[in-house]
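Good morning, and thank you for coming. I shall present one structure, beginning with a single residue and then turning to the ligand.

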Amino acid sequence: MKIPSDAARAQVKFDAVIVGAGSAGAAAAIALARAGWSVALVEQQRFPRTRVCGECLVAGCQPLLAALGVAAELDGRAGPALRRLTLHCGEQELSTELAAAPGDGWPWGRAPGPGTLDDLLLERARAVGAQVLQPWALRTLQGGAGAWFCELRAVESPALLRLRASVLIDATGAREGLPGRPEPRPPSPDAADLFAFRGSFTGTALAEGVFATLALDGGYGSMVVGAGGITALSCCIRRDRLSGLRCAAPGLRTGDAVQAWLQRECGGVRRALAGATLQGPWLASGPLVPGARLRADDEVFRIGNAAGAAHPILAEGSRHALQSAALLCARLLKDRPGSPVPDGLRQPALQRAYAADWQRVLAPRLRLAALLAHAAMRPRSAALLMSVARVWPGLLVSGARWGRGRAAPGPALPVQQPQSS
Ligand SMILES: Cc1cc2nc3c(=O)[nH]c(=O)nc-3n(C[C@H](O)[C@H](O)[C@H](O)COP(=O)(O)OP(=O)(O)OC[C@H]3O[C@@H](n4cnc5c(N)ncnc54)[C@H](O)[C@@H]3O)c2cc1C
């Protein structure tokens, strides 16, 4: 559907408006547009966007990406296969080979580097007919299931656009929710809140194909060499620990203080960064609020982090995002393309069914990630983890298997074969 030039005054009608074109939003746009729905995909940032992410894709992403028709193209740009897992705690290091995942997909996770997946998914959404509005932001939202009224504002001009839609999908990645939708008040600031940081380096001593997990006193993190030889170092750090770092080094920029902390705390980071060069500034975001946000009685459908965010210790965020989009679209399309767009009366039942799928498939992984994250952040439990893993290295592989395994069962993405656009 093309937006007419006088659209600011008129209301353009879509079957679905999806807010946010990260992995979740773009995946949902592809699935719905390929099933014949008219879809508007609204994204406020230009790509490549600024975001804090380790940029790894676990092997379980591959079947989901294949169903969306982007796996073959991504394959050539997905960076090194991650065949080895290392665990770093203080000066200690444990290392183990990862077994190949069974099946025809990726045997191991991959490290494509920033922006690659975003670009491919957005290109694909456009190619299958979704109307991509970028950079536009959702400004106000009125109505309800079956009849939504969205007002969008162009980010780089004063232009406004009004859209109507039967289905509204929140893929904003945000805990705040959409404008005008009442959300439970965010918890007040707490010492245990986590802030996320990411630095990109060239010339590190980290070997390609290694996914390095960092257990830190008051945080956790990861390092990986991605496509183009750029090493992504990302971490989460508690608010109280971060405040301490800033007080101790008031002249230092926060990202540099975090880097100094990582090098001081962790021998693996120190060795990897010896002789390395930071590319651009450190990126920061937070506080992160891991946990489920999906509600079975909501009128808006939420996917990706907007539905629930995992502690990023297993590098599973993209898989969660893609899989939640697949679960929702399977429900909306009733497991077959060409289904009619559900009206406002039908949507509550679909929401309940989707929420149940999400709880069954994704909630256990959020809990596992939380368990591992809390173990990694506490010196005693991290030391215990190291001791057990030293005696039983299979523990590391079992933990990683959750991250790199096949997509967990649930309704399949309705359109399985890549189609030409
Ligand atoms: C430190 C750290 C490391 C991580 N490492 C990894 C990793 O290695 N591998 C991995 O898979 N995951 C990782 N993740 C998690 C991953 O980045 C997220 O889980 C994933 O990006 C979520 O995707 P999403 O589509 O839900 O949201 P996002 O990717 O956040 O996309 C949401 C989009 O919505 C847009 N938006 C928001 N509000 C509006 C609005 N009002 N109007 C229009 N657009 C809007 C935003 O601009 C954004 O582009 C990491 C996270 C952190 C914090």
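Arg198 is found in strand β11, residues 194–202; strands are DSSP E runs of at least two residues, helices are H or I runs of at least four, and both are numbered from the N terminus. Please note that this is a predicted model, in which local features need pLDDT of at least 70 and side-chain atom pairs count only at pLDDT 80 or more, while totals for chains, interfaces and linings use all residues. Residues are numbered from 1 along each chain as its sequence is written, and side-chain values use heavy atoms, with hydrogens and water left out.

Is Arg198 buried or exposed? Arg198 counts as buried, because its relative accessibility is 4% (buried means under 20% relative accessible area, exposed over 50%, partly exposed in between, with a 1.4 Å probe and protein chains only). The side chains of Arg198 and Ser200 are joined by a polar contact of 2.8 Å.

I turn now to the ligand. Of the 32 residues around the ligand, those that come nearest are Glu43, Arg51, Gly54, Cys56 and Ser318 (near means a heavy atom within 4 Å). A nitrogen atom of the ligand lies 2.7 Å from a backbone N or O atom of Gly54. For Ser318, a polar backbone atom is 2.7 Å from an oxygen atom of the ligand. Taken alone, the ligand exposes 1,000 Å², of which the protein buries 90% (Shrake-Rupley method, 1.4 Å probe).

At least two residues of the shell come from each of α1 (23–34), β8 (136–144) and α8 (317–332).

Notes:
A polar contact is a pair of N or O atoms within 3.5 Å; within protein, one must be able to donate a hydrogen and the other to accept it, and residues adjacent in sequence count only if both atoms are side-chain atoms.
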